[in-house]
Each structure stands twice: as structure tokens, then as C-alpha cells.
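This report concerns the structure shown below.

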Amino acid sequence: PSLSSSPSLVPSTSQSPSLSSSPSLVPSTSQPPSYSSSPTETCYWITVAIIYDSYPSETSWDIKKNDNNIFESELIVSHSAEDGDTSLAKSLCLPMGEYEYTIYDSYGDGIYPPGYYNVTSGDNVLIAGG
């Protein structure tokens, strides 16, 4: 096909689809659907919520996509808290797949009460601790 820089004043016509009175004996094939990271891709919303303990700068977390590769995972998002942070609520849109959420405490003593964390999808708690 070609494109013209000036519009035509004569309307164009196209042929209407035709129907066959006898079915074909040869099956037709089509390509499987393709997936992309376009804005129209289905996503699953999750929320990461953290109430930090007295040492927020010790806390960090990440989410990695598990591609069934034991040597490498794709880092989707990560976050490190800073002194003075009290809480975090971060909503994320994740495409269909399997993910791993890991929370870290650099001192190694975990999050002390009243601190805690959870990851939810809608009303479902996917993981929680503290």
C-alpha cells in the first residue's frame, strides 16, 4: 500500500466478505496471541505496606520475577528505608507471573513490634510478618 499526502475526493469501496457454501477440508491455522508490556496488558495490583520499627534504615525489600531460572531473577522493584521513615504503602501493578518478595534487615534482628509488613492483593494477604 502507499500513502498520499493529499486526500482523495472520491470515496473508496471495499468488497464485502464472501461465504462459502461448502466447508474447507483443510484446517486453517493462526498464530498464538502475543504478549507485550503495553499499557493494555493485564496487571495484578498489590500493595506493600510496612510499619517500621525504631531503626527504619536497617529495612529494605525487593520484588523479583521468578522465571524458573535458578541463577538469575529479574528485579522488578526495590526500596530502602531511611532514618525518620515511619511507614510505607506502595501499590504496584505486576503482569501475570510468579514473584518473590524479600524483606531484609541489615542488622539481622528483624522488625520489632510495633513494626510489621504485609503484601496484599485486594483483600487477600499474600505474605505478612514482623
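## Aromatic cluster

Rings of Phe, Tyr and Trp, the last represented by its six-membered ring, are paired if their centres lie within 6.5 Å; planes under 30 degrees apart count as stacked, over 60 as edge-to-face and the rest as tilted. The model is predicted. By this rule the count comes to two aromatic pairs. In one of them, the ring centres of Trp 61 and Tyr 101 are 5.9 Å apart and the planes stand at 35°, so the pair is tilted. This pair links distant parts of the chain, with Trp 61 in strand β2 and Tyr 101 in strand β5 (residues 98-105), 40 residues apart.

The rings of Tyr 101 and Tyr 117 likewise have their centres 5.9 Å apart and their planes at 35°, so this pair is tilted. Here strand β5, which holds Tyr 101, is linked with strand β6, which holds Tyr 117, and the two residues are 16 residues apart. Trp 61, Tyr 101 and Tyr 117 form one aromatic cluster. Trp 61 is buried. Tyr 101 has a relative accessible area of 15% and is therefore buried, because the cut-off is under 20%. Tyr 117 also counts as buried, at 15% relative accessibility.

## Nonpolar core

The largest nonpolar core has 15 residues, of which Ile 46, Val 48, Ile 50, Trp 61, Ile 63, Leu 92 and Tyr 101 touch the most other members. Two or more residues of this core come from each of β1, β2 (59-66), β4 (87-95) and β6 (116-121).

Beyond four places in sequence, Tyr 101 touches Val 48, Ile 50, Trp 61, Asp 62, Ile 63, Tyr 117, Val 119 and Ile 127.

## Thr 47 in strand β1

Thr 47 is found in strand β1 (residues 43-51). With a relative accessible area of 24%, Thr 47 is partly exposed. Its side chain makes a polar contact with the side chain of Ser 91 (3.3 Å).

Residues up to four places away in sequence aside, Thr 47 touches Lys 90, Ser 91, Asn 118, Val 119 and Thr 120.

## Ala 81 in a loop

Ala 81 lies in the loop between β3 (74-80) and β4. This residue is buried, with a relative accessible area of 6%. Leaving aside neighbours within four places in sequence, Ala 81 is in contact with Tyr 52, Pro 56, Ser 57 and Thr 59. Ala 81 and Ser 57 are 24 residues apart in sequence, while their C-alpha atoms are 5.0 Å apart in space.

Methods: Residues are numbered from 1 along each chain as its sequence is written. This is a predicted model: local features need pLDDT of at least 70, side-chain atom pairs count only at pLDDT 80 or more; totals for chains, interfaces and linings use all residues. Side-chain values use heavy atoms; hydrogens and water are left out. Helices (H or I, at least four residues) and strands (E, at least two) are DSSP runs, numbered from the N terminus. Buried means under 20% relative accessible area, exposed over 50%, partly exposed in between (1.4 Å probe, protein chains only). Contact means heavy atoms within 4.5 Å. A polar contact is a pair of N or O atoms within 3.5 Å; within protein, one must be able to donate a hydrogen and the other to accept it, and residues adjacent in sequence count only if both atoms are side-chain atoms. A nonpolar core is a set of buried Ala, Val, Leu, Ile, Met, Phe, Trp, Tyr and Cys residues joined through side-chain atoms within 4.5 Å.
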